[in-house]
Amino acid sequence: MGVKTMRYVTAISRRDATGLVANVYDQVSEDFFINGSITSHSKVPELMAGMWTLGRESILVNDKVSRTLKEAMGAILSRINDCPYCGDMFVSLVHGGGEHDVASLILSGDEDQIGDPLVRAQLQWAVAAATGERDKLAQSPFTEAQMPEALSTLMMSCYVNRFSHVVMDGSPVVPLFGLHRIKDVMLRMFGTELKTTTERNIKPGLALDLLPAAPIPEDLAWAASNPRIQNGVARWAAAIERETPHAVPAAVRNLMQTSLDQWQGDRMPISRSWVDGETAGLTGRDRALARLVLVIGKASYQVDDGMVQEVLEHGCDEETLIRLLAWASF
């Protein structure tokens, strides 16, 4: 179903996979299920391995924070970041974890009605973190020991939302006649199919062997108190650094870094005029790339086909596009 909604890139099939791609597919099949958010990275194996590594170790492993709560965080963030494909997948997984009321309330946008006050507070915190509402972040509902998992879930979910918003053309689950109630039933049924994946005993740390060890970047030091999360995020960051520099020109990288350094995470204006102002000093291919990466990074819900097509018209092949999207999303 994921392949049916994939656009701009094509996935290597499991039958044709070799080397690192085959190793990732084997692990995904064992611990989770193969889906478009993962396979859309397959033409650049290290990037697929990196995002799978942190996704598995941060979200799928039941550690200090329950897997179902982390998937509920992913479901809400997917709505905020406008990734219907990710949102329906995460809601189905919450159903698969047995939290049917939570899943239904998230789907309808009524998560403030969740009965468990701690779960409600944790999900509200995730929303505040993703939307730059700094005044709501002072009192975290997560303990110090839970924070690496909570932050890596936030990071991983928002990355997948940004990347998949571009390469996945909506959700394959379309509500019949626009009826929300019917879609909820469909996702609950899909969750029943996924229930076996939520019941698997995911052994911590196994994905770390997919990529070489790497030092933790200074700005990711929040992961240090959980060695598994630290090693996962460090390997992913190193894969991004190895794979993406030649796909993103220096002028674009510098503009993006300066823009993010000055940004506090606030929601961007509805109009995209802000990005035209920020990229006014660039021309041609660099400007097209810069417009796309800035919008992915700061307002991924504003990306449209025209922005992607403009990049493709400048000779961007599949592998380069994957590297560009991964860098911007990361």
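What percentage of the 330 residues in the chain is buried? Hi everyone, the answer is 54%, where buried means under 20% relative accessible area with a 1.4 Å probe, protein chains only.

Before going on, a word on the source: this is a predicted model, where local features need pLDDT of at least 70, side-chain atom pairs count only at pLDDT 80 or more, and totals for chains, interfaces and linings use all residues. Residues are numbered from 1 along each chain as its sequence is written, and side-chain values use heavy atoms, with hydrogens and water left out.

Now the overall picture. The chain has 15 helices and zero strands, taken as DSSP runs numbered from the N terminus (H or I, at least four residues, for helices; E, at least two, for strands). Its C-alpha trace spans about 50 × 45 × 45 Å along the principal axes.

Let's look at one helix pair. The axes of α4, residues 67-80, and α5, residues 84-96, come within 8 Å and cross at roughly 155 degrees; axes are lines fitted to C-alpha atoms over the stretch in contact, with angles from 0 to 180 degrees between N-to-C directions. That makes α4 roughly antiparallel to α5, a label for angles over 145 degrees.

Who meets whom? On the α4 side, residues including Arg-67, Glu-71 and Ala-75 take part, and in α5 their partners include Cys-86, Phe-90 and Val-94; contact means heavy atoms within 4.5 Å.

Finally, back to the whole chain: of contacts between residues at least 6 apart in sequence, 73% join residues at least 24 apart.

Definitions and conventions
Angles under 35 degrees count as roughly parallel, over 145 as roughly antiparallel, 65 to 115 as roughly perpendicular and the rest as oblique. Buried means under 20% relative accessible area, exposed over 50%, partly exposed in between (1.4 Å probe, protein chains only).
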